[in-house]
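Hi,

Here is the structure I promised to send over.

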Amino acid sequence: MNPLLKVDQLTGGYSIGKPVLHDVNFTVNPGEMVGLIGLNGAGKSTTMKHILGLMEPQKGKVTLQGTTLAEQPENYRSGIAYVPESPLLYDALTVREHLIWSATAYGVDEDIFKKRVEHLAKLFHMTSHLDKAAQHLSKGMKQKTMLMCAFAVRPPLYIIDEPFLGLDPLGIRSLLQFMSQMKQEGASLLVSSHILSTIEHYCDRFVLLHQGKVLAAGTADELKAQLLQRASHVQVADRLEDVFYAWVENEGLDSDGGLSWHE
Amino acid sequence: MARVKANRQSSPQSNIKPLLKPEHLWANRVSAFWGEIVPYLRYVVQSGLGMVLVFGIVAGIALYASFIEHIPPLFPVRELAWVLISPLVAYMTIRTFLVPADLVFLLRQEHKLGAYIRKSLRYSLFPRMLLLIMGWVILWPLYHRADPEPKSFLVMLFVLIMLKLVALHGSWVERHISDVRWRFILRAVRYVWAWGVTACWLWLDIAMAGIVTGAAGILYIICARRIPALRFPWEAHMEAERVHVNRVYTFLGGFVDLPTMNERRFARPWLDWLGNRFAFRRDQAYGYLLTKTFLRSELLGIILRLVAIGLLLLWWTRHTMWNGFILLLFLTAIHAQCNALYQMHRHDVWRLLYPLEKDARTKAVLQLSTEIQVIVTLLLLIPIWTGMTSFGYRLSVSILSALFIIFFRLQNKAKHRKQDDDED
C-alpha cells in the first residue's frame, strides 16, 4: 500500500546548524490513525509544522499522496486539514461563518456542507451556538469550532495537535467517535496527544519522539515491547501509558524532556 | 559602570519594585507604552504625513484668516461652533494601562491603587481638555465676529472646561457600570447631554444657559450614580485598553508592517448579506473573509464618519468650486484608511495552510478597497451634482475622482504584489 503521508529522513528546526528534528522517518497509510507521542519539547509540534509546510526541512522531505508541497502547493494543501493546539479563530466571525470560510477555501459544495454542518453541530452539541461570535465562545467551544472546520472539509489527512485540550468528557467522546468514523471512511489522522490512556485504543500505530528522534514506533504492543527493553520492571499487560511513565522514570526524565536535577 | 547599571535594571528586585508602588507602576506603564510606540513614529513622519499636516495647517490658517475678513452675511456660526465644539466636549476616554496579568498580580493591591487611578484620570483628561481649549481658541475669532450676540471668551472657556469635567465624571461612572446595556445608554446620554448643553451656551443667554446646564448636569450626575456599578472595573479597564492599543496599532499599521491585533467587533447583522454573496465561491474565499471582517470592524465606522463629514462640507460648498478640492481630499483620506485593509488577515496561519492561490488575499483586498472607494465617490458626488456649478466642472470633478481611484488601485497593486513576493 502506498502511504498517504511519508516523512522521510526529516531533519529540521528553527535555525540551520541546530536542528530540532534528526532523521525522522514515519508514514501514515490511508484509513490509519497514528499517534505522535512524546514529552514536552520532543519535537511533535515541529514535526507537524514541517508536514504543514510552515517550516522548511534542512534535510529529507515530506510527501503527501506522492508529491511535496513545492511541487503542487494547492493539491498538497487541499489534502490536509489542521487543528492547532490552541484555537485560532477570527473575533469578527461567527462559528457558522468560520465553517463557511473553510468550506469555501476547500471548494466544498453548499448542499453537502449544510448536511455535514448539521451533523457535526449535533455531534458536538454546538447547534445553538452556530451563530455566536467566536469571541463569545468558551475555550471548549472554540476547540470544537476548530474541529468542526476541519471535519467539514473532509480532506484525506487530518493533523490534530492535542485534540482533547479544553474539551469536556462529552466532547472527547464525540470527537473519538467521529475520528473513528472518518477512519472507517478512509481518512487518515495524525494526532499528537499527552493523554495516552485516551488514544491508546483508537490509534493504529504510534510514533514516540524523544529529543527530536524517533525512539520507538509501531502498534501499541510493539511500542510496549520496545519500551520494556528500557524499563524492565513493567509488564506487557500494563497499559501503554504505564509503560510510557515507567520508561520516563527509568530514564530519569522530567516533563520538559530533560534530566531531573536530582539525577 | 554601564554594565552594573544594566544588571541592576534587570534584577528581579528592580522589576518587582514598580508593582509595589502605584506611582512607580504608573510611570513604568506610561514609559513602556510610549517606548513601544515611539520607534514606529519615524515611519509616520517618513511617510510624508508630517509634511501634509504642516502644509494643511499653514494653508488652513491662511484660508481661515482670509475668510474671517470676508465673512458672508448670515453665516451659520452657531451651527458650525455647535458641530465643532460638541464632540470635543463629549469625547472622553480613560486610559489606565492595566494589562490582563494585573488581574492576578494587582488584585490584592486594589485598595492601594487610588494614586494610580488619579494619575490615570489626569493623564486622560489633559490632552482632551487641551484639544477642547484649542478648538475654542481657534474658533473664537470667527465666533466673535460672526455671532450677533457673542459671549465673552473667558466665560465660554470656563464653561467649556466645566462641561468637560462633567463629561470626565460621566465617562468614569460609565466605566464602572457592569451591565453592558446600561453602560451603552449612559454613554448615549453623555453625548446627547454634551450636544444639548453646548447648544444652550451658544443660543441662550448666560443666565438661562447656566440654569438649564446646571440642572441638566446635576440630573445627569444623579442618574449616572444610581445605576449599579462595580467598585473597581478591572475587565472594563482592560477592554478599554485593548481597544485603544488596537486603534493605535491600526493607525501605525498604515505606515509600517505590524501584525494585526484582535479588532473590536461590531455585529451589524443587517450588513451580513454583503459578505454572504461570496460564500461557497472558492475564487472569492478571501472576499468572504475580508468583507465580513471589514463590515464588523471599527474601520467601517471611521469611513462612514468621514463620508458623513464630507457630505456635510460638500453640501455647504455645493455651489462653489471648492467642492472639487474637498471631494479629492476626502477620497485621499478614505484611500489612506483603506490601507488598513491590507493588514487584515495578513499574518494569519490559515493564509499559509488553506488551499488558495498565494495572491488570493491581495486580490480580494484590492477588489474590496476599490469597491469602497467607488461607493464613497458616488455618494460624495451627489451634493456636487445638485449644486449650481457648470456641467463641465462637475464632469471634470467626476472624471478626476475616477482617475484618483484608478491611480490608488495601480499604486497598491504594485506595492502589495511586491510585498507578497518578498514574503515568499
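Let me start where the two chains meet. On one side, A:Glu97, A:Ile100, A:Trp101, A:Thr104 and A:Ala105 of α3(A) face B:Ala285, B:Tyr288, B:Leu289 and B:Lys292 of α13(B). Sorted by class, the residues of that contact are 6 nonpolar, 1 polar and 2 charged. The two helices pack with their axes 8 Å apart, at an angle of about 155°. Since angles over 145 degrees count that way, α3(A) is therefore roughly antiparallel to α13(B). Bear in mind that this is a predicted model.

Zooming out to the whole contact between the chains, 23 residues of chain A touch 20 residues of chain B. On the chain A side, the elements that give two or more residues are α2 (73-78) and α3 (95-106). The biggest contributor there is α3(A), with 7 residues. In total, that side of chain A divides into 13 nonpolar, 5 polar and 5 charged residues.

Helix α13 (residues 285-295) of chain B packs against helix α17 (residues 360-386) of chain B, with the axes 8 Å apart and an angle of about 50°. That makes α13(B) and α17(B) oblique to each other, and α13(B) passes α17(B) in a right-handed crossing. From α13(B), the residues making the contact are B:Ala285, B:Tyr286, B:Gly287, B:Leu290, B:Thr291 and B:Phe294; from α17(B), they are B:Ala360, B:Arg361, B:Ala364, B:Val365, B:Gln367 and B:Leu368. This contact has 8 nonpolar, 3 polar and 1 charged residues.

The axes of helix α8 (residues 153-176) of chain B and helix α9 (residues 180-203) of chain B come within 10 Å and cross at roughly 175°, so α8(B) is roughly antiparallel to α9(B). Among the residues of α8(B) in this contact are B:Met156, B:Leu163 and B:Glu174, and those of α9(B) include B:Arg183, B:Arg187, B:Arg190 and B:Trp201. By class, the contact of α8(B) with α9(B) comes to 8 nonpolar, 2 polar and 4 charged.

On to domains. Chain B is divided into domain 1 (2-239) and domain 2 (259-423), and their C-alpha centres lie 30 Å apart. In chain A, domain 1 is made of two stretches (1-79 + 156-232), and domain 2 covers 89-154. The C-alpha centres of these chain A domains are 24 Å apart. Their contact takes 12 residues from domain 1 of chain A and 11 from domain 2 of chain A. Helix α6 (residues 169-184) of chain A supplies the largest share of the domain 1 side, 5 residues. That side has 7 nonpolar, 4 polar and 1 charged residues.

Finally, confidence. Chain A averages a pLDDT of 87, and 92% of its residues score at least 70. Among its elements, strand β7 (residues 188-192) has the highest mean pLDDT (95) and helix α9 (residues 240-251) of chain A the lowest (75). Over residues 255-263 of chain A, pLDDT stays under 50, and the model has 15 contacts beyond four places in sequence for that stretch.

Cheers

Technical notes. Residues are numbered from 1 along each chain as its sequence is written. Chains are lettered from A and ligands numbered from 1 in the order in which they are written. This is a predicted model: local features need pLDDT of at least 70, side-chain atom pairs count only at pLDDT 80 or more; totals for chains, interfaces and linings use all residues. Domain bounds come from an automatic or database domain assignment. Two residues are in contact if their C-beta atoms, placed from the backbone, lie within 7 Å. Helices (H or I, at least four residues) and strands (E, at least two) are DSSP runs, numbered from the N terminus. Ala, Val, Leu, Ile, Met, Phe, Trp, Tyr, Cys and Pro count as nonpolar, Asp, Glu, Lys and Arg as charged, and the others, Gly among them, as polar. pLDDT is the predictor's confidence in each residue, from 0 to 100. Axes are lines fitted to C-alpha atoms, for helices over the stretch in contact, and angles run from 0 to 180 degrees between N-to-C directions. Angles under 35 degrees count as roughly parallel, over 145 as roughly antiparallel, 65 to 115 as roughly perpendicular and the rest as oblique. A crossing is left-handed if the near helix is turned anticlockwise from the far one by less than a right angle, and right-handed if clockwise.
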